[in-house]
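Please keep the sequence and the 3D view at hand while reading.

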Amino acid sequence: AALDQFRLALPLGSVPPPAELQTMLDASLSMTSGDGSKEQRARELSILLLKLSEKAGLRGRVVALRGSERNRVFELADVNRLPQVPFDGIHAMNDSWQNEFSDTPASTWRVVISDFLWPGNPRPLLETAARGVSKSWFVQLLDEWELHPSPAGASSLVDIETEQSVELILDEPAISGYIARLESLSGSMADACRSVGASWVSASAATELSEFCREHLVRAGLLEEVPV
């Protein structure tokens with residue numbers, strides 16, 4: 001189990017550890033689209049980080065961003081309720097963000113989990129999320145179709161949050177254009193993260209949890225493997 005394989009990569013020596021680890025979880029309808037892997041992996045990661053915080057002697061908190069006054073905060077005592085929290089936010093995460101933690105210590109670490117699939121400039125959200133904490137990570141989860149779409153001919157695509165639909169031909173040129181836009185979006189997110197001193201992770205949500213942690217969160221400096 002991932003809980004036994006990994007631990008938080010806390011600083012060594014005279015550098016003090018973070019006061020707490022906060023996980024900001026995108027609980028919008030967008031995270032339920034596709035094959036369901038984004039929602040599943042996002043829940044698993046949030047639960048894992050909450051439990052690893054406790055093992056490290058830190059306070060852990062997860063906030064499910066569902067929009068405005070519907071956001072919900074979970075601590076370790078609430079961990080068994082996290083699998084049931086509804087992913088029903090109808091606004092993109094950048095419109096649902098609120099500063100839930102007025103008592104956030106400056107040494108706090110913050111992890112933001114989302115698919116980050118919305119139009120517009122990501123910089124304001126990243127600046128808000130990275131403000132007032134010592135380290136931040138932004139973890140993008142995409143399902144396999146979002147990463148590797150295949151031609152499907154005439155199709156009707158429906159925005160799960162707005163219910164707006166668009167008719168298009170999913171041929172090779174359309175898919176190539178989509179891939180180029182996705183790469184541009186990911187690149188702009190990575191650039192924005194670097195500008196605010198944050199770490200950017202983008203990966204398939206279909207990756208098994210332990211492998212995901214090993215391949216991405218260890219490399220990003222959030223976790224480390226427990227010696228056997």
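Helices (H or I, at least four residues) and strands (E, at least two) are DSSP runs, numbered from the N terminus. Axes are lines fitted to C-alpha atoms, for helices over the stretch in contact, and angles run from 0 to 180 degrees between N-to-C directions.

The structure is a predicted model, in which local features need pLDDT of at least 70 and side-chain atom pairs count only at pLDDT 80 or more, whereas totals for chains, interfaces and linings use all residues. Residues are numbered from 1 along each chain as its sequence is written, and side-chain values use heavy atoms, with hydrogens and water left out.

**The chain as a whole**

The protein chain has seven helices and 10 strands as its secondary structure. Of its 228 residues, 46% count as buried, where buried means under 20% relative accessible area, exposed means over 50%, and partly exposed lies in between (1.4 Å probe, protein chains only). Contact means heavy atoms within 4.5 Å, and among contacts in the protein chain between residues at least 6 apart in sequence, 73% join residues at least 24 apart.

**Helices α2 and α7**

Two packed helices are described by the angle between their axes and the distance between the axes. How do the axes of helix α2 and helix α7 cross? The axes of helix α2 (residues 37-55) and helix α7 (residues 209-217) come within 11 Å, and they cross at roughly 75°. Angles under 35 degrees count as roughly parallel, over 145 as roughly antiparallel, 65 to 115 as roughly perpendicular and the rest as oblique, and α2 and α7 are therefore roughly perpendicular to each other.

On the α2 side, the residues that meet α7 are R41, E44, L45 and L48, and their partners in α7 are L209, F212, C213 and L217. Sorted by kind, the residues of this contact of α2 with α7 are six nonpolar, no polar and two charged; here Ala, Val, Leu, Ile, Met, Phe, Trp, Tyr, Cys and Pro count as nonpolar, Asp, Glu, Lys and Arg as charged, and the others, Gly among them, as polar.

C213, one of the α7 residues in that contact, counts as buried at 0% relative accessibility, and another cysteine, C193, counts as buried at 1%. A disulfide is a covalent bond between the sulfur atoms of two cysteines. With a disulfide taken as a pair of cysteine sulfur atoms within 2.5 Å, a search of the whole structure finds zero disulfides.

**Salt bridges**

Side chains of opposite charge can pair when their charged atoms come close. A salt bridge is a side-chain nitrogen of Lys or Arg within 4 Å of a carboxyl oxygen of Asp or Glu, and the structure holds 13 salt bridges.

| Residue | Partner | N to O distance |
|---|---|---|
| E146 | K38 | 2.8 Å |
| E44 | R41 | 2.2 Å |
| R219 | E215 | 3.1 Å |

The salt bridge of E146 with K38 ties together parts that are 108 residues apart in sequence, because E146 lies in helix α5 (residues 144-147) and K38 in helix α2. K38 is buried at 0% relative accessibility, and E146 is buried at 9%. Leaving aside its neighbours within four places in sequence, E146 is in contact with S33, K38, L117, Y178 and L182. A network of salt bridges links K38, D115 and E146.

The pair E44 and R41 lies within helix α2, where being three residues apart separates the two by about one helical turn. E44 is partly exposed at 24% relative accessible area, whereas R41 is buried at 7%. In the remaining pair of the table, R219 is exposed at 66% and E215 is partly exposed at 31%.

**Two further residues**

Most residues other than glycine have a negative phi, and most peptide bonds are trans. What is the phi of F116 near? The phi of F116 is near 55°, which is a positive value in a residue other than glycine. F116 sits in the loop between β5 (109-114) and α4 (123-130), and at 1% relative accessibility F116 counts as buried.

S176 belongs to helix α6 (residues 172-195) and is partly exposed, with a relative accessible area of 47%. Between S176 and P149 there are 27 residues of separation in sequence and 9.5 Å in space, taken from C-alpha to C-alpha.
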